[in-house]
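Trainee: I would like to learn how to read a protein model, one feature at a time. Where do we begin?

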Amino acid sequence: MNCLFAECCSVLTSEIIAVEETEIDEKQSNKGKWQKMAKPHAFTVHYVKRARHHRWRCKEVTFWCVDEQLCSQWIHALKELLDLQTSRPKHLLVYINPFGGKRQGKRIYERKIAPLFSLASISTDVIVTERANHARDNIYEVNLEKYDGVVCVGGDGMFSELMHGLLGRIQKESGIDQNNPQAPLVQCNLRIGIIPAGSTDCVCYATVGINDPVTSALHIIVGDTQPLDVSSVHRNSTFLKYFVSLMGYGFYGDVLKDSEEKRWMGAVRYDLSGFKAFFSHQCYEGTISLLPATHTAGSPRDKKYCRTGCDICKQSKQQLEEQQQKYRKEINEDEGGEWKVIRGKFLAINAANMSCACPRSIEGLSPGAHLADGCADLIIVRKCSRLNFLRYLVRHTNQDDQFNFTFVDVYRIRKFQFTSKHFEDSDSDADDLHKKRFGPFCRDHPACCCAISSSTWNCDGETLDSSAIEVK
């Protein structure tokens, strides 16, 4: 057996993508080493090649010999090994958002991803979305039993849409009331794959380490999985949203709200809206109640980054299960710890379920946040000077400790609540409208008689208008 390959390497069976017989035509057999064989037979192994910065590529190596039976035996043996990789998907449901990011989703899938899925013998059903929430509505109607996973080609918004659809459907079928904040959610066992084609691709970057479509496709093909923490957001016992990456109020909420009006500008809209929010330097007064996580094995400032097979996630999960068994109830009840209450004026309130890293912020908002430890990092930025806030923002782009400021607090939590000081939600829309029009005057500008402003929540890149929420 000979190898048509310039360099020696070893490949794990789990990283072999496909094995196929290679046809050798007469022209090829008359070239180079092929001339030494009377009638050469060959097969090609396609495998994952790991490159720098978490990038993966599909490479191939060709083996040949004169014995046709020996060649067939190798092909059969390698394919049997691939069949033992039971975590690999065979049939996928693919949703493509043609409008997200640079509007390249359909092109990326057809030119880069579909050929790889075909090579790996993965069959697909493809749906190109036509409107907002198309994927979420469709996932309620599809027969999911015939699929090994769902793939979204788009950005964080597309992932959030699919996640809401899947979780909502599973809770409905399981008889779980999503409006009950204390109701234990049923876990979603159907995997969601992400092919990045959005503006920021935060979820993909924070889980894979790079927002590269081919790398993500190869992770899907070999059956890689990564559990994620999901947080629910409620208001007055009414379910609002789920989120897996960021829930931000103040600065990041203002940036998102302003950028929504500039979607035609593409990703640059975030820069423009960011400058606008920074120079407005708006702070918001309110009350934060948080329940510290007592089961976690790490802390937000320990600089222990989350990776596949993370020990902290495993230990935290084990400790949480032990405490839940001890109390025989949700750990976020009073027996699970004492609530901490913080009142004041804030420039930003951010709850991060993951690092929230992206190409613009390689370390993310909370570099030490973990993907599946059962808690979130709550980052509170108090009112400060514009210069100090700029220093804080700059640290998101380097490796300096972004929490090392007197006006920044960070907590690892299981649950938190927030209520705006000057705008309390009520059950009546009429009362809400009345308070907006005739609410208390601005404390910072008593002479202007302006109504106190409220920010918007940035919930995984989607706006959420509510000044009183409960997150768990």
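Mentor: With the contacts of a single residue, in what is a predicted model. Setting aside neighbours within four places in sequence, Asp212 is in contact with Arg55, Trp56, Arg57 and Pro196.

Trainee: Where is Asp212 found?

Mentor: Asp212 sits in the loop between helix H6 (202-208) and helix H7 (213-221).

Trainee: Is Asp212 buried or exposed?

Mentor: Buried means under 20% relative accessible area. Asp212 has a relative accessible area of 9%, so it is buried.

Trainee: What share of the 472 residues in the protein chain is buried?

Mentor: Buried residues make up 50% of them. The secondary structure of the chain comes to 12 helices and 18 strands.

Trainee: How do I read contacts for the chain as a whole?

Mentor: Look at the separation in sequence of the residues that meet. Taking the contacts between residues at least 6 apart in sequence, 75% join residues at least 24 apart. Trp64 and Phe43 are 21 residues apart in sequence, and their C-alpha atoms are 6.5 Å apart in space. Trp64 belongs to strand S4 (residues 56-65) and is buried, with a relative accessible area of 2%.

Trainee: Now a helix. How do I check the length of helix H9?

Mentor: Compare an expected span with the distance between the ends. Helix H9 (residues 268-280) has 13 residues, which at 1.5 Å a residue should span 18 Å. The end C-alpha atoms of H9 are 19 Å apart, which agrees.

Trainee: Which residues of H9 are buried?

Mentor: Arg269, Ser273, Gly274, Ala277 and Phe278 are the buried residues of H9. Viewed down the helix axis, they fall within an arc of 160 degrees, so they line one face of H9.

Trainee: Which exposed residues does the face turned away from the buried side carry?

Mentor: That face of H9 carries Phe275, Lys276 and Phe279.

Trainee: What do the buried residues of H9 pack against?

Mentor: They pack against helix H8 (251-259) and helix H11 (386-394). Take Ser273, which is found in H9. Ser273 counts as buried at 1% relative accessibility. Leaving aside neighbours within four places in sequence, Ser273 is in contact with Val255, Asp258, Ser259 and Lys262.

Trainee: How many residues of H8 are buried?

Mentor: Eight of the nine, so H8 is largely enclosed by the rest of the structure. Among the buried residues of H8 are Phe251, Val255, Asp258 and Ser259.

Trainee: How is the packing of two helices described?

Mentor: By the angle between their axes and the distance between the axes. The axes of H9 and H11 come within 10 Å and cross at roughly 145 degrees.

Trainee: Which residues of H9 and H11 meet?

Mentor: Phe278, Phe279 and Ser280 in H9 meet Arg386, Phe389, Leu390 and Leu393 in H11. Sorted by class, this contact has five nonpolar residues, one polar and one charged.

Trainee: And how do I read a nonpolar core?

Mentor: Ask which members touch the most others. In the largest nonpolar core, of 54 residues, these are Tyr95, Phe251, Val381, Phe389 and Tyr392. Helix H5 (residues 156-173) gives the most to this core, with six residues. Apart from this core lies another, of 24 residues, including Ile17, Leu92, Ala217 and Val222.

Trainee: What is Tyr392 in contact with, leaving aside its neighbours within four places in sequence?

Mentor: With Asn350, Ile379, Val381, Gln402, Phe405, Phe407 and Val408.

Trainee: One last feature, the backbone angle phi. Where does phi take a positive value?

Mentor: Another is His54, with a positive phi of about 70 degrees although it is not a glycine. His54 is in the loop between strand S3 (41-50) and S4, and at 45% relative accessibility His54 counts as partly exposed. Ser121, not a glycine either, has a positive phi of about 60 degrees. Ser121 lies in the loop between helix H3 (105-119) and strand S6 (123-128).

Trainee: Is Ser121 buried or exposed?

Mentor: Ser121 is exposed, with a relative accessible area of 60%.

Definitions and conventions
Residues are numbered from 1 along each chain as its sequence is written. This is a predicted model: local features need pLDDT of at least 70, side-chain atom pairs count only at pLDDT 80 or more; totals for chains, interfaces and linings use all residues. Side-chain values use heavy atoms; hydrogens and water are left out. Helices (H or I, at least four residues) and strands (E, at least two) are DSSP runs, numbered from the N terminus. The expected span of a helix is 1.5 Å times one less than its number of residues. Buried means under 20% relative accessible area, exposed over 50%, partly exposed in between (1.4 Å probe, protein chains only). The arc is that of the directions from the helix axis to the C-beta atoms. Contact means heavy atoms within 4.5 Å. Axes are lines fitted to C-alpha atoms, for helices over the stretch in contact, and angles run from 0 to 180 degrees between N-to-C directions. Ala, Val, Leu, Ile, Met, Phe, Trp, Tyr, Cys and Pro count as nonpolar, Asp, Glu, Lys and Arg as charged, and the others, Gly among them, as polar. A nonpolar core is a set of buried Ala, Val, Leu, Ile, Met, Phe, Trp, Tyr and Cys residues joined through side-chain atoms within 4.5 Å.
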